[in-house]
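Visitor: Hello! Could you pick one part of this protein and take me through it closely, then show me how it fits with the rest?

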Amino acid sequence: GPTPVLQEALAAMSQPILHHRTPEFSAIFKEAAQGLKEIFGTKQDVLLLAGSGTAAMEGSMTNLLSPGQKVITVNGGKFGERWGNICKAYGIQNIELKVEWGEAVDPAKIEAELKKDPSIAAVYVQASETSTATIHPVKEIAKITKNSNALLVVDGITAVGSLPLPMDEWGIDVLVTGSQKAFMLPPGLAFVALSERAWERTKEAKLPRFYLDFARERKNLAKDTSAWTPAVSLIVGLREVVRSMKAEGLEALYGRHAMLARATREAMKALGLKLFSKAPADSVTAVWLPEGIDAKKFVKYCRDKLGVAMAAGQDAVETKIIRISHMGYVDAFDTLAAVSAVEMGLDRFGQKVNFGAGVAAAQRVLVEGFPKP
């Protein structure tokens with residue numbers, strides 16, 4: 001991300017700006033906020049924050065914890081690492097479960113830590129670790145945390161709207177996401193929902209907070225507004241996104257992401273490339289490039305010469321892997337274009353390529369995924 005922006009949202013956001021304390025804007029705000037509940041799979045309020053997804057991540061610590069409390073964070077990539085960095089900033093004791101990049105956390109390890117120390121206040125994990133294109137077993141973790149003192153806080157920034165993540169059904173206590181991934185909007189909005197158990201915990205939390213005060217936001221949400229100046233244009237666009245998602249239907253939405261991801265994975269394998277993740281997510285696919293190809297240069301070539309945007313890796317794999325998104329406003333032919341770009345990029349960087357092999361593999365998956373006429 002940022003992923004392509006929904007056309008209806010672009011059109012809506014291009015209209016003259018609305019004052020944020022008017023009945024007209026409040027109606028838009030209310031529709032967007034109500035629509036988010038269905039996408040989150042919750043009866044709880046979904047807060048709309050002006051900030052990136054990291055704002056919601058930080059708020060999910062400052063609103064739930066007190067200085068010196070102990071938590072578990074799952075560090076299986078760049079964004080799992082971020083949980084630990086937020087802990088350091090606020091003096092939270094962190095039991096960091098390090099997971100090899102590309103692997104999912106073992107829920108049994110979380111369970112063992114919770115049994116060892118029942119005072120642990122929360123478990124922080126990604127649903128989809130964007131840096132490694134890996135999905136963590138949130139449903140299984142939730143079965144463990146719901147019977148413990150620990151709240152389950154899930155970073156769903158590349159999961160909500162891409163993958164099934166029903167908050168209430170699974171027992172997720174806090175779910176956060178951002179606008180620039182599956183929500184098909186520019187960056188600048190963060191969304192967060194809390195369970196009743198989590199709301200109770202906010203009453204005890206002693207960490208400092210002002211702008212990211214969830215209780216204050218909740219009071220204002222009841223009046224169809226926000227505590228502070230909202231990102232007006234983005235919320236106008238969000239209403240169109242919510243309408244689009246509801247029109248497509250959540251089952252079809254998740255099915256489309258799964259189909260595009262499967263098509264991409266099969267295409268990469270057909271080209272002789274190895275998947276980076278052992279538990280691949282349907283939001284993004286990561287693959288190893290052949291030895292000797294710099295992923296940053298590969299991505300630059302695809303972007304600047306072929307007009308196809310993809311991402312390189314991060315940290316130790318920055319120059320070794322590429323990541324292809326399936327999130328949001330993308331379809332079968334966007335996927336085929338991405339696969340074609342990979343084929344052309346491999347050829348450009350000196351690899352022998354059977355042109356069309358990847359495209360054909362993707363097409364076979366896509367043809368099976370669409371209903372017959």
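Guide: Let's begin with Gly 249, which comes just after helix α10 and has a positive phi of about 90°. This is a predicted model, so every angle and distance here is computed from predicted coordinates.

Now step back into the helix that ends there. Helix α10 covers residues 232-248, which makes 17 residues, and at 1.5 Å a residue they should span 24 Å. As you trace the helix, remember a handy rule: an α-helix has 3.6 residues a turn, so residues three or four places apart point the same way.

Next, look at what is hidden. The buried residues of α10 are Val 232, Leu 234, Ile 235, Val 236, Gly 237, Leu 238, Arg 239, Glu 240, Val 241, Val 242 and Met 245. Their cover includes the helices α1 (7-13), α2 (23-40) and α11 (250-270), and the strands β1 (46-50) and β9 (189-194) are also among the elements that cover them.

Let's zoom in on one residue of this helix. Val 236 sits in α10, and its relative accessible area is 11%, so it counts as buried, the cut-off being under 20%. Leaving out residues up to four places away in sequence, Val 236 touches Ala 12, Met 13, Leu 18, Phe 25 and Ile 28. Leu 10 is 226 residues away from Val 236 along the chain, yet their C-alpha atoms are separated by 9.5 Å.

Of the contacts in the protein chain between residues at least 6 apart in sequence, 70% join residues at least 24 apart. The chain as a whole has 14 helices and 12 strands, and 58% of its 373 residues are buried. Its radius of gyration is 21 Å, which agrees with the value near 21 Å for a compact globule with 373 residues. Along the principal axes, the C-alpha trace spans about 60 × 55 × 35 Å.

Ala 338 has a relative accessible area of 9% and is buried. Setting aside neighbours within four places in sequence, Ala 338 is in contact with Val 308, Met 310 and Ile 324. Cys 302 is 36 residues from Ala 338 in sequence, with 8.9 Å between their C-alpha atoms.

Finally, back to backbone angles, where we started. Most residues other than glycine have a negative phi, and most peptide bonds are trans. Ala 133 is not a glycine, but has a positive phi of about 60°. You will find Ala 133 in the loop between β5 (128-129) and β6 (134-135), where it is buried with a relative accessible area of 1%. Asp 315 also has a positive phi, near 55°, and lies in the loop between β11 (311-312) and β12 (321-325). Asp 315 is partly exposed, with a relative accessible area of 38%. As for peptide bonds, the one from Gly 1 to Pro 2 is cis, with omega near 5°, and Pro 2 belongs to the segment before α1.

Key:
Residues are numbered from 1 along each chain as its sequence is written. This is a predicted model: local features need pLDDT of at least 70, side-chain atom pairs count only at pLDDT 80 or more; totals for chains, interfaces and linings use all residues. Side-chain values use heavy atoms; hydrogens and water are left out. Helices (H or I, at least four residues) and strands (E, at least two) are DSSP runs, numbered from the N terminus. The radius of gyration is taken over C-alpha atoms; the globule rule is 2.2 Å times the number of residues to the power 0.38. Buried means under 20% relative accessible area, exposed over 50%, partly exposed in between (1.4 Å probe, protein chains only). Contact means heavy atoms within 4.5 Å. The expected span of a helix is 1.5 Å times one less than its number of residues.
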